[in-house]
Amino acid sequence: MLELSLDALALLCTVKGLTFLTAGTLVGLLFGAIPGLGGATALALLIPLTFGMEPRSAMFLIGGVLGSVAFGGSITAILLNTPGMAPNAATVFDGYPMAQQGRAGAAIGAAATASSLGGLLGVVILVAIMPVAEAIVLAFGPPEFFVLALLGLCAIAVSTMGHTLRGLVVAGVGLLLSYVGVDAVSGLPRYTLDYEYLRDGIPVIPALIGLFAISEMIHLSVKGGTVAADREMVRITRIRDGIFAVFKQYPTLLRGSAIGAFIGAVPGLGGTVASFLAYSATVSMSRDKQSFGKGNIQGVIAPESANNAKDGGALIPTLAFGIPGSAEMGVFMGVLIMHGMDPGPMLLIDSKEVIVALILALSVACVLASVIGLACARWLALITLVDVRILVPIVVATAMVGAYALHSSVEDVVVALIFGVLGYLMTRLEYPKLPMVIALILGETAERNLAQALAISDGRWSIFIERPVSLTLIVLTLAFLAFPVVVSTLDRRRSR
Amino acid sequence: MKAHRWITTAVAAAALGCAASALAAYPEKNIKLIIPTPPGGGFHVYAQAVAPYLAKYLGNDIKVVLENMPGSGFRRATSALYNAKPDGYTIGLVGIGITLLPQVKGDKLDYDLHKFTWIGRLAYDGLAIGVKKDSPINSIADLKALNRPIKWPHTQRFYPGVFAAALGYPIQVITGYKGGRDYITAVVRGDGEAFVHVPSSTRGFIKSGKVKLIALFDDRYKKEFPGIPTADDLGHPELKKVTTERLLAGPPGMPTDITQKLVTALEKSIADPELQAWSKKAKRPFQPLTPKGVKAVVDGQFEFFEPFKKLID
């Protein structure tokens, strides 16, 4: 194994290796930053290029994209309240207020550092778990996935901070929307109004582009001026503050990374749920809950470490059984097949050297992306000083292209626009937006896995407490819900 | 009146002339190839491999550009291809099986598989039935002997249902799985007891000792998996007809000479030594078939599935 790693390292350190890695990293940053485009789109575009390459060189290119794309999306999340990708949606909560206060540099510094450290921790977790990956993938079946989805839905209640009722209303609407489309269990269409497009349900990514990018652009153009209120503040901001903050808040970083790697490994949940759970766990464990949503740097560290650590996690089911843990992994499996590898249980035995190259590239890219990001942060922060009359058309145009590019579908663009208006109304009426996205993602997962679990158990509900992993997750969910109550009760007692 | 007729004739002649020259020059611009799956799947991999060679043999320095149109269980891409202009600049992969079922059932669709202009076949795969390696089930007879519904994870109910009905064992399909490797893993995990899947993507699971096959319905794999009873051994040769087909097609009514150019280009592409070398390395074999042959396969599938109509849903 060590020999393989050194071999891969030697190959990476050649001009060719570094060129591919850097190219992948730059593409990842760019595709991450543009709302709507993401890792899957970037990889799909790169597939033809990798066709003629030696497999390990192809892995450098792909590792570059995987390692950098999540951080790319955080830049626009912080600066423009517009997450580049779904997993960056939680970063806007505190990242954007920081930018408005002129602390964009610190926020980007924190995001970059948390991303690269989170990514590296994700890889460490992946490597540590690899020998038992099989057992872990097999330990998680429909009952466990259902409880995990439930845990995610419960987290909505914690994350709504002061707007509990509104948060729940929004989540309820999100759940209803998640049931549109062909029911995965019965195969029958529901609420599709006989409209072909709705058979696949409401697409999450266009909905997200609307809720965050388009609605924010409407909001900005109504408001006018620039994103950052104070020109001077942006200039004196210290990136170093952000970097140091990550080390100072290391429990947040570790928790975020662990949650990210864990949720990343669950097929279908992915980065959005990972970063959202990391964020809500951080809020629920904090004694200073009121400061979140107003520019608390921990609110940037938690989701950013989680959404980079999730790649390490997502590789676990992909490498162990050929089950893609995310959209990116689905495309990545195509690359493996193109190169004559069989994604599945034999991959780690037959193609070890290629996987080692990928893991190495992924780790280096996490750091490289952050270094590039930090080097550019000072200039990137100036975006917050651009007049919205210039900014808005550019962002709206790229967001529309992003919505279309995903499936070459005009309907997706329409969905983005509808959710854009909806998102703007929600902003105006102070309804939180992320609960809707989380419910939209988790509603289907929860329903499908519940039905599967009950089919497996012949309708016995006890299946959820008979299986040790499922039972543990139920206890965790209860603890997650009880924690804030317990802490505040203890605090009250102590103050008496 | 006379003048009017003259003009009509002149316009018609000019139009014909243009059409003829367009045909002679085909292809003059890039060709779009629609794929019914997201990037990364088997359809995409085949299309990606073939596209540059198609372009090479069509000549004129054009490109064959891939467009992924996943959605609605292949319906979206199939409809888009069916309703495209039949000018040879939009072609696409059609997956027979999943697109055929709604048509057999009589759903209102905006495509008709009988009417596509077939260009040829890239590949096909038959199916196999497998169980967990340490399962006490070792044959179809064992499945029958259980005398109770067998838990069967799959993406949908139809294919497991067809095999169960033909071979005569009861099943309880657990749907909602996202793909082959997902439901095979479910069998390894113990969510279900048996699966039906293409042998090529089951290979890794067999080689690593996680599952074993108990019946094989694609004779090409006889050598690779010796000793497994085949469709003929089981007395059900008709089950060899249940295949996933990767077919290349154009919209209905594509002009004959354009179709012929595409047919020839596809034949030459598949015969290209470079592409053959890739096919061998990637273990993605090609099974080319003429347009006539494809039509026969499609008609055969309609005929085969007709009696199983009530199993759909």
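Helices are DSSP runs of H or I with at least four residues, and they are numbered from the N terminus. Just after one such run, α5(A), the residue Gly102(A) adopts a positive phi of about 85°. The model discussed here is a predicted one.

Helix α5 of chain A spans residues 92-100, and because seven of its nine residues are buried, the helix is largely enclosed by the rest of the structure. The buried positions are Val92(A), Asp94(A), Gly95(A), Tyr96(A), Pro97(A), Met98(A) and Ala99(A), and the elements that cover them include α4 (55-80), α6 (104-129), α10 (204-223), α14 (270-285) and α15 (298-321) of chain A. With α6(A), the axis of α5(A) comes within 7 Å and crosses at roughly 150°. Gly95(A), Met98(A) and Ala99(A) on the α5(A) side meet Ala104(A), Ala106(A) and Ala107(A) on the α6(A) side, a contact that by class has five nonpolar residues, one polar residue and no charged residues.

In chain B, five strands form an open sheet of mixed pairing, in the order β2-β1-β3-β10-β4. Strands β2 (64-68) and β4 stand at its edges with a single partner strand each, so one side of each is left without a neighbour in the sheet. From one strand to the next, the twist averages 25°. Helix α9 (residues 256-271) of chain B packs on this sheet, where it touches β3, β4 and β10 (244-250), and its direction makes about 25° with that of β4(B).

| Strands paired | Bridges | Residues opposite each other |
|---|---|---|
| β1 (31-35) and β3 (90-96), chain B | three | Ile34(B) and Gly92(B) |
| β6 (150-153) and β7 (171-174), chain B | four | Lys151(B) and Gln172(B) |

Between β6(B) and β7(B) the chain passes through helix α6 (residues 158-167) of chain B, and this β-α-β crossover is right-handed.

Which residues does Thr117(B) touch, not counting those up to four places away in sequence? Thr117(B) lies in strand β4 (residues 117-125) of chain B, and it counts as buried because its relative accessibility is 13%, the cut-off being under 20%. The residues that Thr117(B) touches are Ala249(B), Gly250(B), Pro251(B), Pro252(B), Gly253(B), Met254(B) and Thr259(B). For Met254(B), the backbone nitrogen lies 3.4 Å from a polar atom of the Thr117(B) side chain.

Notes: Residues numbered from 1 in each chain as written. Chains lettered and ligands numbered in written order. Predicted model: local features only at pLDDT ≥ 70, side-chain atom pairs only at ≥ 80, totals over all residues. Heavy atoms only, no water. Helix = DSSP H or I, 4+ residues; strand = E, 2+ residues; numbered from the N terminus. Buried < 20%, exposed > 50% of the residue type's maximum accessible area, 1.4 Å probe, protein only. Polar contact = N/O pair within 3.5 Å; in protein donor to acceptor, adjacent residues only side chain to side chain. Contact = heavy atoms within 4.5 Å. Pairing = 2+ DSSP bridges. Right-handed = clockwise from strand over helix to strand, strands pointing away. Axes fitted to C-alpha atoms, helices over the stretch in contact; angles between N-to-C directions. Nonpolar A, V, L, I, M, F, W, Y, C, P; charged D, E, K, R; others polar.
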